[in-house]
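Please consult the sequence and the structure shown below.

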Amino acid sequence: MAEPDTYQSPNSGPRTGLAIGALVTSCVGLILPVGPVGLVIGLVALRRANRRPEEYGGKGTAIAGVIVGAGTGLMWCLSIGLIAILLPALGQARQAAQLAITMSNLRGIGMALSAYSQDNRGAYPEPGSDWKKRLVDGQYLTAQAFDVQWAPPGVTAFHYVPPDPKSVIAFPAMHVLVYVDPQALPGRDGLVLYFDGHVAAVPRAEVEAIAKAPKPSDGSR
């Protein structure tokens, strides 16, 4: 009596390619945002394995793909959400840092002007003079003090309001000496350096009014 033929073709077993693909794709989700794709493939492979186990195998692999895909997909969702939350905060922190640097430079300019006046018998740079060049050439401060990297091209950040040499400044804490062009600080109020050396943020409209106010003449006209 002949023995029954027990040979099976290598391709006759349950197919597990889809389940393996789900697990591989889900693992790649640790590096690239393809975890949800692995999750979907895993669910499809799991459904086939449950319905036709004789044709589709790899149920355990499909389950692993589903779990890993769900985990990596959640990780990417949380990461994107965290970035969306942090970006505005980072923007605000950057603006705060820019404001602090500009205020520091403005105070340095005030001290340089005060030192200049002490070396020139109380006189400040006269109207129409290149006051920045005088302060730099006199080594009262460096040219970097006037550099505002975030100011739009063509915008002069610091503007000097020369005091009238013919009048006495009765209220130094209210007399503007230098102001920052509001365009150099987009989205913020202006900055003003007063004659007594203190710096304050003022509404943009006030800075614009200072810019439009008539300046003292140098007497050459």
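**Aromatic pairs in the predicted model**

Tryptophan 131 has a relative accessibility of 8% and therefore counts as buried. The model in which this residue lies is predicted. A pair of aromatic rings is characterised by the distance of the centres and the angle of the planes.

**Tyrosine 124 and phenylalanine 195**

- The ring centres of tyrosine 124 and phenylalanine 195 are 5.2 Å apart and the planes stand at 50°, so the pair is tilted.
- Because tyrosine 124 lies in the loop between helix H3 (59–119) and helix H4 (131–137), and phenylalanine 195 in the loop between strand E3 (190–194) and strand E4 (199–202), the pair ties together parts that are 71 residues apart in sequence.
- Tyrosine 124 counts as buried, at 16% relative accessibility, whereas phenylalanine 195, at 23%, counts as partly exposed.

**Tryptophan 131 and phenylalanine 146**

- The rings of tryptophan 131 and phenylalanine 146 form an edge-to-face pair, because their planes are at 90°, with the centres 5.5 Å apart.
- Tryptophan 131 belongs to helix H4 and phenylalanine 146 to the loop between H4 and strand E1 (158–160), so this pair ties together parts that are 15 residues apart in sequence.
- Phenylalanine 146 has a relative accessibility of 14% and so counts as buried.

**Aromatic cluster**

- One aromatic cluster is formed by Trp131, Phe146, Phe158 and Tyr160.

Terms used
Residues numbered from 1 in each chain as written. Predicted model: local features only at pLDDT ≥ 70, side-chain atom pairs only at ≥ 80, totals over all residues. Heavy atoms only, no water. Phe/Tyr/Trp six-rings, centres within 6.5 Å; stacked < 30°, edge-to-face > 60°. Helix = DSSP H or I, 4+ residues; strand = E, 2+ residues; numbered from the N terminus. Buried < 20%, exposed > 50% of the residue type's maximum accessible area, 1.4 Å probe, protein only.
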